[in-house]
Every structure is written in C-alpha cells, then in structure tokens.
Amino acid sequence: MDDQTKNTIQNHIENNEVCLFMKGTPDAPQCGFSMAVSNMLKILEVNFKGVNVLEDQSLREGVKIFSDWPTIPQLYINKEFIGGCDIVKEMYETGELKKVLEKNNINFKN
C-alpha cells in the first residue's frame, strides 16, 4: 500500500468518530453487507461517515491491508477497528454495538 492511500485511510478514521468503509454510499449501498451495516447504524441514529471504496481501487485494497481484515464493509469507532458485517450484526443483535457507541460518547442524531 502506498503512503497516499495509507494517509487517506488514516485521515478518514481520525476525522470521523464512526467511519464505515463500504461499497457504495449510505444512501446508495452497492452490496448487501454494506447495506446491512449502514442500516444498523441508521436504525441506531448514529452520525457516521461512509467511505465508498468502489471509487478508488487502491483504497479498496489498502483498507484490507490497513486493518488486516479481508472483507468490506469495515467499521471503525473512535479510531478502533470493530469488524465487518457479521461481527457488527452480532453486536447489534446483542445490544453490544449500542453499548460501544455510548461508551465512546458517540453523537446520536436528535
């Protein structure tokens, strides 16, 4: 991964409390897994940044190297890698995702 890609990824993570690297956008997901995670965050009324990895192939591959995680979507909360769709879904269903968001003082929409 080149330095520019690494810096782009780090900037997204550092400048957004909740950052979702996904295929497509929150309003127009282009993959079922990305749609699922995006929808869970929307249901919890979390402000989050969706980063479309389909716009940049080096970003799409770089984020997998950065996190050492092979799939997209990837969710970060306060600079911490949380996981992909299966992990986020399980956390959502058990209430753990909401607890993690609250513990990190994440802003919910009013």
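Let's begin with Lys42 and Asp27, whose side chains meet in a salt bridge at 4.0 Å, N to O; the term means a side-chain nitrogen of Lys or Arg within 4 Å of a carboxyl oxygen of Asp or Glu. Lys42 sits in helix α2 (residues 32-43) and Asp27 in the loop between β1 (18-22) and α2, so this pair ties together parts that are 15 residues apart in sequence. Helices (H or I, at least four residues) and strands (E, at least two) are DSSP runs, numbered from the N terminus.

A quick word on the model, friends: it is predicted, so local features need pLDDT of at least 70 and side-chain atom pairs count only at pLDDT 80 or more, while totals for chains, interfaces and linings use all residues. Residues are numbered from 1 along each chain as its sequence is written, and side-chain values use heavy atoms, with hydrogens and water left out.

Back to our pair: Asp27 is exposed, at 74% relative accessible area, and Lys42 is partly exposed at 32%. Here buried means under 20% relative accessible area, exposed over 50%, and partly exposed in between (1.4 Å probe, protein chains only).

How many salt bridges does the structure hold? There are 3, so let's visit the others.

Glu61 and Lys64 meet at 3.7 Å, N to O. Both lie in helix α3 (residues 57-67), 3 residues apart, about one turn of the helix. Glu61 is partly exposed at 35%, and Lys64 is partly exposed at 23%.

Finally, Glu93 pairs with Lys89 at 3.9 Å, N to O. These two are 4 residues apart in helix α4 (residues 85-94), about one helical turn. Glu93 is exposed at 57%, whereas Lys89 is partly exposed at 42%.
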